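Hi,

Here's the structure I said I'd pass on.

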Amino acid sequence: MKKLSEEQMNFFLKNGEFPAEVTAAAANTAVVLTQDWCPQWTMMKRYLPEITGAAVFFIEYNREPRADEYMRAKETLFGNDLIPYVRYYRNGAFAGDSNFVFKDNFLDFFKKSSD
């Protein structure tokens, strides 16, 4: 699990999507946008490092200097004001999104994209 960099977040703000170095980091890639206090994120944060078969990036945007800007962009561009918000990419292409998901179902979101 890797934290999104300021440069990657700037790319997101400018382009409305994450750079290929993120979305195509692996055949299956997930990006989590959240806030550190969220109890559901706390649950996911415990199991995500154990996930094999996907690269996972995250940002706890409330801890960032541009928190309000990141949150507004997420809510406006992706139409989702819930946290954690997860975007799934398969071979670099957007495959779907969700909010909280249990460990046993996490990789299912990548399988759905290949149907």
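Strands here are DSSP runs of E with at least two residues, and they are numbered from the N terminus. With that in hand, Thr-34 is found in strand S2. Before I go on: this is a predicted model, so read everything below with that in mind.

Let me stay with Thr-34 for a moment. Leaving aside residues up to four places away in sequence, Thr-34 touches Trp-41, Ile-59, Glu-60, Tyr-61, Asn-62, Ile-83 and Pro-84. Two of those names, Ile-59 and Glu-60, come back in the next strand.

**The strands**

Strand S3 covers residues 55-60, and six of its six residues are buried, so the rest of the structure largely encloses it. Ala-55, Phe-57 and Ile-59 point one way from S3, while Val-56, Phe-58 and Glu-60 point the other way. Both sets are buried.

Which strands pair with S3? One is S1 (residues 2-3), which pairs with S3 in the parallel sense over two bridges. Lys-2 has Phe-57 as its bridge partner there. Another is S2 (residues 28-34), which runs parallel to S3 and is joined to it by six bridges. Within that pairing, Ala-30 stands opposite Val-56. S2 and S3 also belong to a right-handed β-α-β unit, with helix H3 (residues 39-47) as the helical part.

**Salt bridges**

If you're thinking about charges, this part may be of interest. Side chains of opposite charge can pair when their charged atoms come close. Searching the whole structure gives eight salt bridges.

Lys-3 and Glu-64 form one of them, at 2.9 Å from N to O. Lys-3 is in strand S1 and Glu-64 is in the loop between S3 and helix H4, so this pair ties together parts that are 61 residues apart in sequence. Lys-3 is partly exposed at 44% relative accessibility, whereas Glu-64 is buried at 18%.

Glu-50 and Lys-103 also meet in a salt bridge, with N to O at 2.4 Å. Here the loop between H3 and S3 supplies Glu-50 and helix H5 (residues 103-106) supplies Lys-103, so the link ties together parts 53 residues apart in sequence. Glu-50 is partly exposed, with a relative accessible area of 48%, and Lys-103 is partly exposed too, at 38%.

Then there is Arg-66 with Glu-69, where the closest N and O atoms are 2.9 Å apart. Arg-66 has a relative accessible area of 29% and is partly exposed; Glu-69 is partly exposed as well, at 33%.

There is also a network of salt bridges that links Asp-36, Lys-45, Glu-60 and Arg-63. Glu-60 is the S3 residue from above, one of the buried ones.

**Helix H4**

H4 has twelve residues and spans 16 Å from its first C-alpha to its last, close to the 16 Å expected at 1.5 Å a residue. Which residues of H4 are buried? They are Ala-67, Tyr-70, Ala-73, Lys-74 and Phe-78. These cover an arc of only 135° around the axis, which puts them on the same side of H4. An α-helix has 3.6 residues a turn, so residues three or four places apart point the same way.

The cover over the buried residues of H4 includes helix H1 (6-15), S2 and strand S4 (85-90). On the face turned away from the buried side, H4 carries the exposed residues Asp-68, Arg-72 and Thr-76. After H4 comes Gly-79, with a positive phi near 60°.

Most residues other than glycine have a negative phi, and most peptide bonds are trans. Two places are worth a look against that background. The peptide bond joining Ile-83 and Pro-84 is cis, with omega at about -10°. Pro-84 is in the loop between H4 and S4, and both Ile-83 and Pro-84 are among the residues that Thr-34 touches.

The other place is Asn-91, a residue other than glycine with a positive phi, near 50°. Asn-91 sits in the loop between S4 and strand S5 (93-98), and its 60% relative accessibility makes it exposed.

Cheers

Key:
Residues numbered from 1 in each chain as written. Predicted model: local features only at pLDDT ≥ 70, side-chain atom pairs only at ≥ 80, totals over all residues. Heavy atoms only, no water. Buried < 20%, exposed > 50% of the residue type's maximum accessible area, 1.4 Å probe, protein only. Helix = DSSP H or I, 4+ residues; strand = E, 2+ residues; numbered from the N terminus. Pairing = 2+ DSSP bridges. Right-handed = clockwise from strand over helix to strand, strands pointing away. Contact = heavy atoms within 4.5 Å. Salt bridge = Lys/Arg side-chain N within 4 Å of Asp/Glu carboxyl O. Expected span 1.5 Å × (residues − 1). Arc of directions from axis to C-beta.
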